[in-house]
Amino acid sequence: MSLKENIQDLLKEVSQLKAENEKELEELRIKYLSKKGVITELMKDFRNVPNEEKREIGMCINQLKTEAQNKINSIRESLQQNGAQSDTRLDLTRTAYPIALGSRHPLTLVKNEIIDIFSRLGFCLADGPEVEDDLHVFTKMNFAADHPARDMQDTFFIETNPNEVAKNIILRSHTSSVQARVMETTQPPIRIICPGRVYRNETITARAHCFFHQIEGLYVDENVSFKDLKQVLLLFAQEMFGKDTKIRLRPSYFPFTEPSAEMDISCDICGGVGCSFCKNTGWVEILGCGMVHPNVLELCGIDSKKYKGYAFGLGIERITNLKYKISDLRLFSENDKRFLEEFTSVN
Ligand code: PHE
């Protein structure tokens, strides 16, 4: 048999190679491609090939070598794939894996606690959309048409309507919009709390974020007074932060309440002595509140001569910061498992 015929037979042989496992594959590799293998032997015979045939025979030997390598590589790949598949096959006799339970997000824990306190005081849950119209976020909340809160710097706009500002579609910047939604469909007595996410166009830092969470409270009935508001808020603060917690109300301004106030509680971190969290004042602000402005009642279809109301809005992040002594707001939305896992035992 000539060398050329020999090579052709080998080419055919190589194309039909098979191996059941790594060991057989290694035997094939040694047989064809090792230093003592068939192809190296051919190279020895190649020396005796007459010059005029060297080019053609040389090419044939190279082709054989490449095909042998390719074949062996492809057998190796398919063996590895089958191996990987058999690893993932289900073993139904195995005991179940222990499934790691997730934990509630700290903001959810605090939200639930706040809801629980106000539910015991007779407040019902209410809800409203996060993508809202200006009508409910601002107009019915007694914001003047040129109020700076409508400005692009605070509010995220989805759709603007140059002819009628109240029709702008925005991301709600406070949960007070739910007050409007409830009052326009319900007559007093109304006693609701509305937890939810709100959005403001702020640079993200440790102390500010472009979205955060609020809980709005609203009580409308006959003969509601500021002292009812104060008593409910005192009770809330003491339930949330302990019986010794003190509150103080400072006069403030919101378009939708009159009079308006901001409420501080004695700093839970330093016990009122002064620390960096309370900026050494011993007090931290936790909410805004006030008596519902008669304009708001009227704009929502409620008789302001007959009914009075109070409202408050608190930031869940702020309360959570105090409760769990967390000083960076960004931790709440970064999904860092190390942070979230710290709350596994709290429930
Ligand atoms: N909506 C106000 C805010 O986002 C909070 C507030 C709610 C104040 C209800 C008074 C009454 O800052």
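Ala, Val, Leu, Ile, Met, Phe, Trp, Tyr, Cys and Pro are counted here as nonpolar, Asp, Glu, Lys and Arg as charged, and the others, Gly among them, as polar. On this basis, the shell around the ligand in this predicted model divides into five nonpolar, seven polar and two charged residues. The ligand is surrounded by 14 residues in total, and the closest are His174, Ser176, Arg200, Gln214 and Glu216.

An N or O atom in the side chain of His174 is 3.0 Å from a nitrogen atom of the ligand. For Ser176, the distance from a polar side-chain atom to a ligand nitrogen atom is likewise 3.0 Å. Gln214 places a polar side-chain atom 2.9 Å from an oxygen atom of the ligand. On its own the ligand has 330 Å² of accessible area, of which the protein covers 90%. The space that the ligand takes is the largest pocket.

At least two shell residues come from each of α7 (176-183), β6 (211-221), β9 (283-292) and β10 (308-315). With three residues, β10 gives the most to the shell.

Strands β6, β9 and β10 belong to an open sheet of seven strands with mixed pairing, in the order β1-β5-β6-β10-β9-β8-β7. The edges are formed by β1 (124-125) and β7 (247-254); each has a single partner strand, so one side of each is left without a neighbour in the sheet. The pairing of β7 with β8 (residues 257-266) is antiparallel and runs over seven bridges. Within this pairing, Ile247 has Ile265 of β8 as its bridge partner.

Notes. Residues numbered from 1 in each chain as written. Predicted model: local features only at pLDDT ≥ 70, side-chain atom pairs only at ≥ 80, totals over all residues. Heavy atoms only, no water. Near = heavy atom within 4 Å. Polar contact = N/O pair within 3.5 Å; in protein donor to acceptor, adjacent residues only side chain to side chain. Areas by Shrake-Rupley, 256 points an atom, 1.4 Å probe, with all protein chains shown as cover. 1 Å grid on protein atoms, 1.4 Å probe; cavity = no way out; pocket = protein on both sides within 12 Å on 5 of 7 lines; lining within 4 Å. Sits in = over half its atoms within 2 Å of the grid points. Helix = DSSP H or I, 4+ residues; strand = E, 2+ residues; numbered from the N terminus. Pairing = 2+ DSSP bridges.
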